[in-house]
Amino acid sequence: MIRTSRTRRGRGRARTALGSRLRGTAPLALPVGWGAVAVAWKFGCPLARQPGLPMRIATSIVFLTVGTGLVLGVRRRLRRELARVRAVAEATQQVLLRPPPARLDGLALAAGQLSATRGATVGGDLYEAVATPYGVRIVIGDVRGHGLAALGAVVAVLGSFREAAHDEAELGGVLRRLERALQRHLRERARDEHPARGRGAPEHPVAEEFVTLLLLEVRPDGRLAVLDCGHPAPYRLGPRMERLPVGEPLPPLGVLPLPAALVPYTGARLLPGETLVLHTDGAEEARDHRGRFFGLEAALARAAGGSPEGVVRQVRDELLRHTGGRLDDDVALLVVRNDRVRVPAQPAEPGLRRPRPAPSTHC
């Protein structure tokens, strides 16, 4: 019985595959049929073999038309296949590096990324924001290198963060989980690329890969907890624009082991109305055709006061104009604005005031 069911499923899959192949060759059916008729007319019809310039011209026109039809049919089929591949790739990349929610626990968010790899929307940069019982936790990182080769490390780090952010009460515990996930990924990748080395530590450039990373926690009162692993510090936009202090930086993940004690920096706040702009180093290191760096700080000053979506859009447009659309490194931006309302201290009600003591009658 089980064997019969498997056989039926196998036949069904074969019929589906055959139907897909037939649908894929449908645009070529008319040109191929037309070509067969032309060949049969040329070699089977006595009239087509008659000498003379008019008959040669007619034969050339027939075969030119057949050839044009074949080329157009193949081109149409390739365009359809390319559109399907692009749709699948975009859907996969959107699941991997999904856009953050517009609002998250009183914070307004927006993000954008630009890949240096032609035809890709996701490269070696990563970001994510999740609401947890400990506050809104945010990660932004940059894998060494860019493009599709760095996607494995992006998957490992993001997948670990999405779980650890909810499970770990301390921000240092989240960072250790990310480090273990990256190390596991690098070991597995090196072993797959060099299976002949057995279980020994593989000596391969993949072992030198690392991830610069910024891990940030926005607590309900606006206090920030930050762990910086060699990543550029974010900008804080408020009454004035400044670099956010992040404390003593840690080494990038994958370069050196993390220290035994991981103490986040907690000396900064994000007050209501203020905005944080987290970015990867590709935004500051982008150059134009003359080799001049992109002025990220000046672009943020011009975008200050706008919505998170407006900040991302303006910086992205200015960056593309500066580089002419040619990027040497991936770029990611994550903008967070504190929309929480500060509740002022309420004065005591008149009926609840303590009565003044009566004046003393003693001398």
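Glu128 is placed in strand S3 (residues 125–132), where strands (E, at least two residues) and helices (H or I, at least four) are DSSP runs numbered from the N terminus. The model is a predicted one, in which local features need pLDDT of at least 70 and side-chain atom pairs count only at pLDDT 80 or more, whereas totals for chains, interfaces and linings use all residues. Residues are numbered from 1 along each chain as its sequence is written, and side-chain values use heavy atoms, with hydrogens and water left out.

At 2% relative accessibility, Glu128 counts as buried; the class of buried residues lies under 20% relative accessible area, that of exposed residues over 50%, and partly exposed residues fall in between (1.4 Å probe, protein chains only). A polar contact of 2.9 Å links the side chain of Glu128 to the side chain of Arg98. Such a contact is a pair of N or O atoms within 3.5 Å; within protein, one atom must be able to donate a hydrogen and the other to accept it, and residues adjacent in sequence count only if both atoms are side-chain atoms. With neighbours within four places in sequence left aside, Glu128 is in contact (heavy atoms within 4.5 Å) with Arg98, Arg137, Ile138, Val139, Leu158, Phe161 and Arg162.

At the level of the whole chain, eight helices and eleven strands are assigned. Of its 363 residues, 37% count as buried. Among contacts between residues at least 6 apart in sequence, 69% join residues at least 24 apart.

Two strands are taken to pair if DSSP finds at least two bridges between them. S2 and S11 run antiparallel and are joined by eight bridges, and Leu107 has Asn338 in S11 as its bridge partner. The loop between S1 and S2 contains Asp105, which is partly exposed, with a relative accessible area of 43%. Most residues other than glycine have a negative phi. Asp105, although not a glycine, has a positive phi of about 55°.

Two cavities of 30 Å³ or more are present in the structure. On a 1 Å grid over the protein atoms alone, a cavity is a set of points where a 1.4 Å probe fits but cannot get out, and lining residues have an atom within 4 Å of a point. The largest cavity holds about 50 Å³ of space, the volume being the space filled by probe spheres set on the points, with grid points joined across faces, edges and corners. Gly112, Gln113, Leu114, Val312, Arg316, Leu319, Val331 and Leu333 line the largest cavity. The elements that give two or more residues to this lining are strand S2 (107–114), helix H8 (308–323) and strand S11 (331–338). By class, five nonpolar, two polar and one charged residues form the lining (Ala, Val, Leu, Ile, Met, Phe, Trp, Tyr, Cys and Pro count as nonpolar, Asp, Glu, Lys and Arg as charged, and the others, Gly among them, as polar).

A hairpin is formed by S5 and S6, with four residues between them; in the turn, Gly222 has a positive phi of about 90°. The two strands S5 and S6 pair in the antiparallel sense over six bridges, and Leu214 has Asp228 in S6 as its bridge partner. S6 (residues 223–229) is mostly covered, with six of its seven residues buried. An antiparallel pairing over three bridges also joins S6 to strand S9 (residues 265–269), where Arg269 is the bridge partner of Arg223.

Within strand S5 (residues 211–218) lies Thr212, which is buried at a relative accessible area of 12%. The side chains of Thr212 and His231 make a polar contact of 3.2 Å. Beyond its neighbours within four places in sequence, Thr212 is in contact with residues including Ile140, Gly141, Asp142 and Pro252.

Pro234 belongs to the loop between S6 and strand S7 (235–237) and is buried, with a relative accessible area of 0%. Leaving aside neighbours within four places in sequence, the contacts of Pro234 include Leu214, Glu242, Leu244 and Val277. Pro234 and Thr280, 46 residues apart in sequence, are separated by 9.2 Å in space, C-alpha to C-alpha.

Note on methods:
On a 1 Å grid over the protein atoms alone, a cavity is a set of points where a 1.4 Å probe fits but cannot get out, and a pocket is an open set with protein on both sides within 12 Å along at least five of seven lines; lining residues have an atom within 4 Å of a point.
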